[in-house]
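User: I am new to this structure and would like to understand the terms used to describe it. Could you take me through them with care?

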Amino acid sequence: MDSSRTRCCILLLVLFGISIQYQCSASGIDTNQAVLLFVNASEASARKIPDTLFGIFFEEINHAGAGGLWAELVSNRGFESGGSFVPSIIEPWAIIGDDSSVIVSTDLSSCFVRNKVALRVQVLCDIEGANICPGGGVGVYNPGFWGMNIEQGKRYKLVFYVRSEEPINLSVALTCSNGLKKLATTTVVAANVSNWTKVLVLLEAEGTDPSSRLELRSTTKGVIWFDQVSLMPLDTYNGNGFRNDLFGMLKDLKPAFLRFPGGCFVEGDYLRNAFRWKETIGPWEERPGHYGDKWKYWTDDGLGHFEFLQLAEDLRALPVWVFNNGISHNDQVDTSSVLPFVEDILDGLEFARGAPNSRWGSVRAAMGHPEPFDLRYVAIGNEDCNKPYYLGNYLKFYSAIKEAYPDIKIISNCDGSSKALDHPADLYDFHIYTSASYMFSNANHFDGAPRSGPKAFISEYAAHDDAGKGNLLAALGEAGFLIGVEKNSDVIEMASYAPLFANTNDWGWKADAIVFDSSQAYGIPSYWMQHLFKESNGATLLNSTLQANPSNSLIASAITWRNETDKNEYLRIKVVNFGSSTVTLNISICGLENTLQRSGATKTILTSNNVKAENSFTYPKNVSLVKTMLEEVSENMDVEVFENMDVGLLPYSITSLELLKNPSALRTAATSSDLESSF
């Protein structure tokens, strides 16, 4: 043992003795409790955190995709939300005019084989004669998903299919919610559309309204059929269809992986409504869409299997595909009959990973992505472990996938955190939804988990019971749990919060990390909390110990990580104070020798004077990260042992300290105002 490591160990023993005195003298103190934190940064005690530890989980819930991340502005664009029956449900499409001027119905005359429903608009009025059309004409409008966000100067691509036995003269417009103000307009004139004809129009907005609608009008008597009406902004992320502001909030989390597309959305209440990947690929016009019966709304599956893989790639995250294993909430396939489901998933893997000249790889290539996607993880089902046929079905999938793709890591639905699994797996899934305090107390749940065999994938965690719409208390409970995840990252490979998104107009599940409407979004405190863990992927975990911890209300971790932007290395200490008292934290760090800088340290805090505080559209950062400079470290500190650094921990807070280590170049220190605006 070298001298510096020896001094570090001796100091820790001495400080441990001092901590006993702290515990004795501090018992009964309610405020300004003094707590010691020892950080041993020696290489012998350090351990690398998996590159994949913290990621995100997307589920089509709360209109997260349809009317959210997926930028399609038209709701029920194919008129299929009522299924293949006619007359069909056309909502939210609505009629412009009255029964004397227009009749709207549906029939099965579409040119698309997998979605036959089309909209039939019979215009009864005309520009002359006894029944003159009202000003502007009659027809239909679509308000999108609780309003279309149309912004001045931006361009939008409108595509629709039309058929009529007579020439058409259509007025196409983006208007305000009551139709009285036009934001963009054009005319579509065609002499011969007796066969289904595709129309593409670019509209440039001359005004802004987050509650806009799309109108299709005519003043010419006759019958017009419409189908597959799509309106997309041209400025989606990389042109791949993702709404820029929501995508940016995901990217800011630096997720290591993306789990998709669910969740219960994968299972369905019944198998007939489960997510089927083959129905979600190919040209958008030909996708039949489906009713997500668990969350009770229709999706046209514009955000499909291909788009999820593309989303992961755009985020530079590893895709984790959760697929249906022949089991829903209310029905399931006997293992003896599950082979078609297995073959279907093998096709899905070939779609993602196959050569561009393979059967399904060629379909991917035709969609514009000849190179395979980097799919390394699959989950066989979701929350199905206790279903009668799960294990039998699981083994069928496991054997077939391992034979075809031996490198793919397979995730079981069964919890292996308390005892070893009775079946082969690379990872096991673990879900936890509970109260904030119980979440905090579960920081040590994996302390006793098996240290060999499959690792944990905590694919759904949230302090749900007392979170409101997403409050500080929940974020602190989750932060404590995640510090426990860091400390047990030798047996935990991945973790992701759930759910990720919620459209404020369809909040079927609370709380959700990101809340949005047609034009704006905010992160709840749990979203901001996750920012403090995004550099942990691939970082080095240090040995850290708290002494004189009042009521076990504190939990801490320490890592070193490299910033790829400035190429510097940092020591980060995170401490959650889940108690109602202010705490003075005395920090001693050893094992870094002469590498910590006396200046440039920062402190980031997430807290509020109200533990139930939430964010909102009005106050989107009511509870968010505040970053400031720490006072310069004492010049008298030991060059090998960084000691006696006192930091105040506010009640109900998470505090992150950032200390510069091994600078590669001199940098100009940021001002406090710069730091406070960096989030």
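This is a predicted model: local features need pLDDT of at least 70, side-chain atom pairs count only at pLDDT 80 or more; totals for chains, interfaces and linings use all residues.

User: Why is V611 called partly exposed?

Analyst: Buried means under 20% relative accessible area and exposed over 50%, with partly exposed in between (1.4 Å probe, protein chains only); V611 has 22%, and is therefore partly exposed. V611 lies in the loop between β31 (602-607) and β32 (626-629), strands being DSSP runs of E with at least two residues and helices runs of H or I with at least four, numbered from the N terminus.

User: What makes a set of residues a nonpolar core?

Analyst: Such a core consists of buried Ala, Val, Leu, Ile, Met, Phe, Trp, Tyr and Cys residues joined through side-chain atoms within 4.5 Å. The largest has 123 residues, of which F446 and F501 touch the most other members, and helix α9 (residues 472-487) gives the largest share, 10 residues. Apart from it lies another core, of 40 residues, including V162 and L183.

User: Which residues does F446 touch?

Analyst: Contact means heavy atoms within 4.5 Å; leaving out residues up to four places away in sequence, F446 touches, among others, Y428, F430, F481 and I492.

Note on methods:
Residues are numbered from 1 along each chain as its sequence is written. Side-chain values use heavy atoms; hydrogens and water are left out.
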